[in-house]
Amino acid sequence: MKTEASIPWIGRIVGAMMGVISLACLSLSLSFGCMPVLAQPTAPEGMGHTVVDTVVDPVVDTVVNVDARLNHSRETAVVLPLAAGIYQSHVIGPEDGGLFSAWNFNCTTNGCRLDGTDCRSGWEHRYTIRLGKKLLKVPGTGKYATPTLALQSAPADRTFSLSQNLDAEFYVYDPLRAANNQGGVSLRIAKVK
């Protein structure tokens, strides 16, 4: 039985179809108000993680930008080395130094109330922080018609403590179809103790 790898023309057809699907998503995103992703940071060659260039330091106040297309699982998480201590994670937007206002897992917005809240599909802020074996899942506050509305309703700050130095991993969880994600979550990570 021949596989896709052994039949070269199937690979070319699949590649062409993915290009058409990507263009269709961009067209839909522009038609329905999703933010097109024009430029995205990339992970270093051969690595899935995006590493924040920060040294473990007793005083930390840094911005972590979690790109919903790139940082969608533990394997592709943004990694931030942190020293032992107590930290606070605060959702921010571009006005406060972040790259993102919110993220959308499938580039659609529908089923919203007239005020742009309570959408079946839309912009949100749920994200995950992995601290060694501990998993901190931050639920969103709902889905919204625009990134701005989602940012105005961002989740409350989360506090976490580390008893030793470790690499904190930040990501949004969408292991199935991250290619159609839009936006991301920007966080200010500050050491409070």
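What percentage of the contacts in the chain with a separation of 6 or more is accounted for by residues 24 or more positions apart? The figure is 75%. The points below concern a predicted model.

1. Overall make-up. The chain contains two helices and 11 strands. Read from the N terminus, its elements follow the order α-β-β-β-β-β-β-β-β-α-β-β-β. Of the 193 residues in the chain, 38% are buried. The accessible surface amounts to about 10,800 Å², and carbon and sulfur atoms contribute 59% of this area.

2. Strand S3. This strand covers residues 78–82, and five of its five residues are buried. In general, the side chains of a regular strand alternate between the two faces of the sheet. In S3, Val-78, Leu-80 and Leu-82 lie on one side, Val-79 and Pro-81 on the other, and both faces are covered.

3. The partner of S3. Strand S10, residues 166–171, pairs with S3 in the antiparallel sense over five bridges. Within S10, Asp-167 is the bridge partner of Pro-81.

4. The aromatic pair. The structure holds one aromatic pair. Its members are Tyr-87 and Phe-160, whose rings are stacked, with 5.7 Å centre to centre and 20° between the planes. Tyr-87 belongs to strand S4 (residues 85–92) and Phe-160 to strand S9 (residues 158–162), so the pair ties together parts that are 73 residues apart in sequence.

5. Burial of the pair. Tyr-87 counts as buried because its relative accessibility is 0%. Phe-160 is also buried, with a relative accessible area of 3%; the cut-off for a buried residue is under 20%.

How values were computed:
Residues are numbered from 1 along each chain as its sequence is written. This is a predicted model: local features need pLDDT of at least 70, side-chain atom pairs count only at pLDDT 80 or more; totals for chains, interfaces and linings use all residues. Side-chain values use heavy atoms; hydrogens and water are left out. Rings of Phe, Tyr and Trp (its six-membered ring) pair if their centres lie within 6.5 Å; planes under 30 degrees apart count as stacked, over 60 as edge-to-face and the rest as tilted. Helices (H or I, at least four residues) and strands (E, at least two) are DSSP runs, numbered from the N terminus. Buried means under 20% relative accessible area, exposed over 50%, partly exposed in between (1.4 Å probe, protein chains only). Two strands pair if DSSP finds at least two bridges between them. Contact means heavy atoms within 4.5 Å. Accessible areas come from the Shrake-Rupley method with a 1.4 Å probe; for residues, only the protein chains shown count as cover.
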